Amino acid sequence: MSPAVNAPLVLPVGLSATVTVPASSANLGPGFDTLGLALALFDDVTVEIVDPEVDGDLTISVTGEGADEVPTDDRHLVVVALRRTLAHLGVAAPGLRLTCVNRIPHSRGLGSSAAAAVAGIAAAAALAADADAPRGLTTDEMVQLASEFEGHPDNASASVLGGAVVSWTVPAVPVPDVAGYRDHAAASAAPSAPLHYGARRVDVHPDIRAYAFVPDVQSSTSVTRGMLPRLVPHADAAFNASRAALMVLALTVHPDLLLDATEDRLHQRYRAASMKESSALVERLRAAGVAAAISGAGPTVLALTPQVLPTRLADAAIEAGFTVRELPIADGVVRG
Ligand SMILES: Nc1ncnc2c1ncn2[C@@H]1O[C@H](COP(=O)(O)OP(=O)(O)OP(=O)(O)O)[C@@H](O)[C@H]1O
Ligand SMILES: N[C@@H](CCO)C(=O)O
């Protein structure tokens, strides 16, 4: 019998790929859902193709962050992204063994879920390439798939591209006009309205240092997105447009402008009630002249500065219960 038309290419048992994916910080103050920064804190994921008769359909071993919390079955984010991408590439895996070494803390605003998606997508692309699959993935396609998975492109594109990123969305169908404004949230929630996602890397000025202040509490991105208003004053939108544009200059050629450039009126104030200690730390750092903002949906605080962080500020944050880490700016996902 001849093989079915368009039958997937089955990956051979024994094939494996390891990928290393960086953490990311989204928003950087004013760039809600657009700006992101890749940070040198990495998850390593190894995917092996196994014989299901011998090793089962799926085994997942997780060490490090989230090891006791993430599901070790078909719901695991890396597996979901991996399988979706293999299907997209017309490739099938008989059985899968995943080994995850997690260093990115979960639900802290450091892009762990986006990193998991990028790991699954990159591993699928690597396996397909090794099996000489007819299709591969371009970097733009990785940004698209990872952003679709995450729902917004800022973290995902930073983990793919590295450095700082400017990302954007293009609605595939006209965005519904609700009460006189374009309802992007409704558009992205509607299954019939897929978005095109784009992103480009900008190289960060070499003097800029990034510090993450990580508290011991978690915050769910979906919960804190629910705290955002549907409408904001035009003056606040205009304010953020100026600061987001300034931020691209500050990140690349004028690090002296970081304090002004990281101001925001669109999201942090609305989420502050759910992360009071982090919001207070942002205020203290900014009052001391350090450009600080909530990292992604929080509660981690990100500080960007052309100087070494003064010890007294680091010590005060540690005293307040934060772990303080300088994290170099990273390149995007790589195959290990
Ligand atoms: N490496 C991983 N493997 C499996 N699941 C993960 C992994 N990383 C994150 N997750 C899942 O994603 C959830 C965290 O997603 P969430 O978007 O709330 O936080 P985040 O991605 O860490 O932060 P942010 O998007 O604000 O930067 C975890 O509770 C876990 O279920
Ligand atoms: N831009 C997103 C990032 C989440 O990591 C938000 O702030 O909700």
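Entry 1: UniProt positions are given in the numbering used here, with shortened feature names, and the annotations may be inferred rather than shown by experiment. With that in mind, I looked up the feature "domain: GHMP kinase C-terminal", which an unreviewed UniProt entry places at residues 263-316. Over that stretch I find 41% helix and 17% strand, with the end C-alpha atoms 22 Å apart; helices (H or I, at least four residues) and strands (E, at least two) are DSSP runs numbered from the N terminus.

**Entry 2: ground rules.** This is a predicted model, in which local features need pLDDT of at least 70 and side-chain atom pairs count only at pLDDT 80 or more, while totals for chains, interfaces and linings use all residues. Residues are numbered from 1 along each chain as its sequence is written, chains are lettered from A and ligands numbered from 1 in the order in which they are written, and side-chain values use heavy atoms, leaving out hydrogens and water.

**Entry 3: two domains.** I note domain 1 (9-161) and domain 2 (204-327), whose bounds come from an automatic or database domain assignment. Their C-alpha centres lie 27 Å apart, and the contact (heavy atoms within 4.5 Å) takes 22 residues from domain 1 and 35 residues from domain 2.

**Entry 4: the second largest pocket.** A pocket is an open set of points on a 1 Å grid over the protein atoms alone, where a 1.4 Å probe fits and protein lies on both sides within 12 Å along at least five of seven lines; its lining residues have an atom within 4 Å of a point. The second largest pocket has a volume of about 610 Å³, volume being the space filled by probe spheres set on the points. Of its 39 lining residues, L77, S107, S112, S113 and E150 are the closest to the centre.

Entry 5: From an unreviewed UniProt entry I took the "binding site" residues, which are P105, H106, S107, R108, G109, L110, G111, S112, S113, A114 and A115. Among those in the pocket lining are S107, G109 and S113.

Is G109 buried or exposed? G109 is buried, because its relative accessible area is 13% and buried means under 20% (1.4 Å probe, protein chains only), with exposed over 50% and partly exposed in between. G109 sits in the loop between β6 and α3 and touches, beyond four places in sequence, S24, S25, S295, G296, A297 and G298.

Entry 6: G298 is joined to P299 by a cis peptide bond, with omega about 5°, and P299 is in the loop between β12 (291-294) and β13 (301-305). L28, in the loop between β2 and β3, has a positive phi of about 50° although it is not a glycine, and it is buried at 2% relative accessibility.

Finally, I looked at L228, in the loop between α7 and α8 (234-252), whose C-alpha atom is separated by 5.9 Å from that of Y270, 42 residues apart along the chain.
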